[in-house]
Amino acid sequence: MEINILLVDDSAFMRQILKEKISEIDGLNVVATARNSQEAFQKIKQFNPDLITLDIEMPGMNGLETLKVIKESYDIPVMMMSSLSGKEITIEALEAGAIDFIEKPADIKNQGESFKKQIEFVMKQFFNRTQEMTAPRSNDEGSNPNKSRPNAVRALAIGASTGGPRALLQVMKDLPEGINVPIFIVQHMPKGFTASFAQRMDAVSPVKVVEAYDGMPVEGGKAYVAPGDHHMTVKNRRIQLSQTDKIHGVRPAVDHLFSSAAESYGSRLIGVVLTGMGKDGTEGLKKIKTNGGYTFAQDKESSLVFGMPGNAIQNKVIDEVVNLEELTDALNQVLGGRK
């Protein structure tokens with residue numbers, strides 16, 4: 001299968017570099033390029049691409065505004081191309097329906113190969129997700145009906161990847177006020193973007209949301225987001241960060257968080273795996289289950305990509321498979337607090 005791509009970027013240099021790098025990847029084909037939103041709309045009609053890459057910072061209508069117009073009329077996945085200077089608007093774009101983003105390197109001439117690998121990984125993983133979406137669909141197939149929801153929860157751990165920012169924002173927005181347990185979050189995201197993502201969640205959530213730092217004390221009623229490029233674990237009521245090897249090609253990894261939280265909180269831990277590519281989180285969920293904790297997975301219908309939750313369901317480490325709305329209701333029930 002060949003993936004036809006429309007590149008939208010106001011820089012002629014960047015359009016050329018992107019086209020060259022993508023053309024070197026088997027299965028990816030740049031059918032057209034555009035320098036602004038007006039050209040992009042014309043090229044979409046003309047070429048009907050499988051995927052659009054969209055620059056964040058453009059004169060006139062910026063990437064976020066262009067994305068919103070595209071999403072109103074087309075069911076074409078859009079991937080943002082972002083630099084650190086556009087990190088806040090990148091988070092807004094993910095919330096508005098972008099499937100993911102690729103970070104532009106500061107020195108693309110010398111970092112071209114690693115940039116190409118990132119493009120290949122993200123794009124091919126997204127389009128190969130069909131294979132990942134064969135896991136059980138219904139709650140009956142993926143749930144454990146003999147296990148009741150816990151009523152004395154001491155911590156909540158959540159892991160997500162592609163599609164996760166939008167799902168996490170909904171989960172955090174709908175949490176009840178007055179909850180007194182810590183919440184630990186791993187969202188696959190590069191260094192420099194997680195602080196903005198934490199701030200965005202903090203703006204909509206009834207609990208305080210922060211980007212974690214090494215040695216940070218754990219408090220109830222606060223959510224801790226793993227910083228990009230750092231694994232996050234919890235021990236002795238403190239956050240521990242490390243830059244040990246990536247697992248599943250990512251850092252931070254959900255498995256590290258889930259495994260450490262299982263040791264710290266035992267049967268009073270809830271683990272949640274949301275939409276995302278790959279299989280990160282399954283081994284950690286297995287440890288949560290072994291230690292008596294309770295686990296949720298987002299269902300296929302409400303997941304942008306069913307890889308992570310689907311893999312966990314197939315490995316029988318999930319107590320309940322729920323859609324996103326059901327998940328917020330379930331968390332409200334087990335975490336207590338006030339709506």
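The model is predicted, with pLDDT of at least 70 needed for local features and 80 or more for side-chain atom pairs, while totals for chains, interfaces and linings use all residues. Residues are numbered from 1 along each chain as its sequence is written, and side-chain values use heavy atoms, leaving out hydrogens and water.

Student: At what angle do helix 4 and helix 9 pack?
Tutor: Helix 4 covers residues 87-95 and helix 9 covers residues 194-204; helices are DSSP runs of H or I with at least four residues, numbered from the N terminus. Axes are lines fitted to C-alpha atoms over the stretch in contact, and angles run from 0 to 180 degrees between N-to-C directions. The axes of helix 4 and helix 9 are 9 Å apart, and the angle is about 55°.

Student: Which word describes helix 4 relative to helix 9 at that angle?
Tutor: Angles under 35 degrees count as roughly parallel, over 145 as roughly antiparallel, 65 to 115 as roughly perpendicular and the rest as oblique. The angle between helix 4 and helix 9 is about 55°. That makes helix 4, relative to helix 9, oblique.

Student: Which residues of helix 9 meet helix 4?
Tutor: Contact means heavy atoms within 4.5 Å. From helix 4 come K87, E88, I91 and E95, and on helix 9 they meet S196, F197 and R200.

Student: How many residues of the contact of helix 8 with helix 13 are nonpolar?
Tutor: A167, Q170 and V171 in helix 8 meet L324, E325, L327, T328 and L331 in helix 13. Ala, Val, Leu, Ile, Met, Phe, Trp, Tyr, Cys and Pro count as nonpolar, Asp, Glu, Lys and Arg as charged, and the others, Gly among them, as polar. Of the contact residues, 1 is charged, 2 are polar and the nonpolar ones number 5.

Student: Which element gives the largest share of the lining of the largest pocket?
Tutor: A pocket, on a 1 Å grid over the protein atoms alone, is an open set of points where a 1.4 Å probe fits, with protein on both sides within 12 Å along at least five of seven lines; lining residues have an atom within 4 Å of a point. The largest pocket has 34 lining residues, with Q118, P190, K246, G249 and V250 closest to its centre. The largest share of this lining is 6 residues, from helix 5.

Student: Which helix supplies the largest share of the lining of the second largest pocket?
Tutor: This pocket is lined by 22 residues, including K71 and R166. The largest share, 4 residues, comes from helix 8.

How values were computed. Helices (H or I, at least four residues) and strands (E, at least two) are DSSP runs, numbered from the N terminus.
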